Amino acid sequence: MYCKNCGKEVNENAVICPNCGVPTDNYTKSAAAPEQKNTLALVGFILSFFVTIAGLVISIIAYKNAKKPEYNGDGKNFALAGIIISAVSLGLSLILGIIYSVIWINFIYMLPMY
Ligand SMILES: [Zn+2]
C-alpha cells in the first residue's frame with residue numbers, strides 16, 4: 001500500500017509510514033476498540049465441546065460476525081477455535097461411525113447361517 005501523506009510505498013502491515021511517520025490505515029484499525037462484544041463466539045466455542053453440530057454452525061456465524069466492522073475482529077479466535085474443535089470431533093465421530101459399522105457388518109457375516 002501507499003502512504004496517504006507522502007505517497008511512498010509502505011509495508012502492508014505497517015502501522016506508521018517509515019518515511020514520514022504518519023499513521024497508516026492499519027493504525028486506526030488496530031487502535032479502534034470493538035463496538036460490540038462477539039458473545040456468540042464464546043457460545044459457539046463452548047457448544048463445540050458438547051453439541052458438535054450446533055457449535056460448528058454458531059462458530060461459523062460468529063466468525064463471519066467478527067469480520068464485520070462493528071465487531072472489529074472481537075471473538076475471532078474463539079470462533080475459529082470453535083470451528084476447528086467441532087470440525088475435528090465431527091470428523092472423529094464420522095470415522096468412528098464408519099469403523100463401528102464395518103465391524104458390525106463383518107460380525108453379522110461371521111454368524112453361522114442355519
Ligand atoms: Zn509517508
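Visitor: What spacing do the donors of the zinc ion follow along the chain?
Guide: They follow C-x2-C-x10-C-x2-C. Donors are N, O and S atoms within 2.8 Å of the metal (3.2 Å for Na, K and Ca); water is not among the atoms, so sites may look incomplete. This is a predicted model: local features need pLDDT of at least 70, side-chain atom pairs count only at pLDDT 80 or more, and totals for chains, interfaces and linings use all residues. Residues are numbered from 1 along each chain as its sequence is written, and side-chain values use heavy atoms, with hydrogens and water left out.

Visitor: Which residues coordinate the zinc ion?
Guide: Cys3, Cys6, Cys17 and Cys20, each through SG, at 2.2 to 2.3 Å.

Visitor: And what arrangement do the 4 donor atoms make?
Guide: Tetrahedral, because their angles are 107 to 116°. Four donors count as tetrahedral if all angles lie between 85 and 135 degrees.

Visitor: Is Cys17 buried or exposed?
Guide: Buried, at 1% relative accessible area. Buried means under 20%, exposed over 50%, partly exposed in between (1.4 Å probe, protein chains only). Cys3 is buried too, at 7%. Cys6 is partly exposed at 33%, and so is Cys20 at 32%.

Visitor: How many disulfides are there?
Guide: The count is 0. A disulfide here is a pair of cysteine sulfur atoms within 2.5 Å.

Visitor: New topic. Which domains does the chain have?
Guide: Domain 1 covers 1-31 and domain 2 covers 34-110. Those bounds come from an automatic or database domain assignment. Over C-alpha atoms, their centres are 37 Å apart.

Note on methods
Four donors count as tetrahedral if all angles lie between 85 and 135 degrees; four count as square planar and six as octahedral if opposite donors are over 155 degrees apart and all others between 65 and 115; anything else is irregular.
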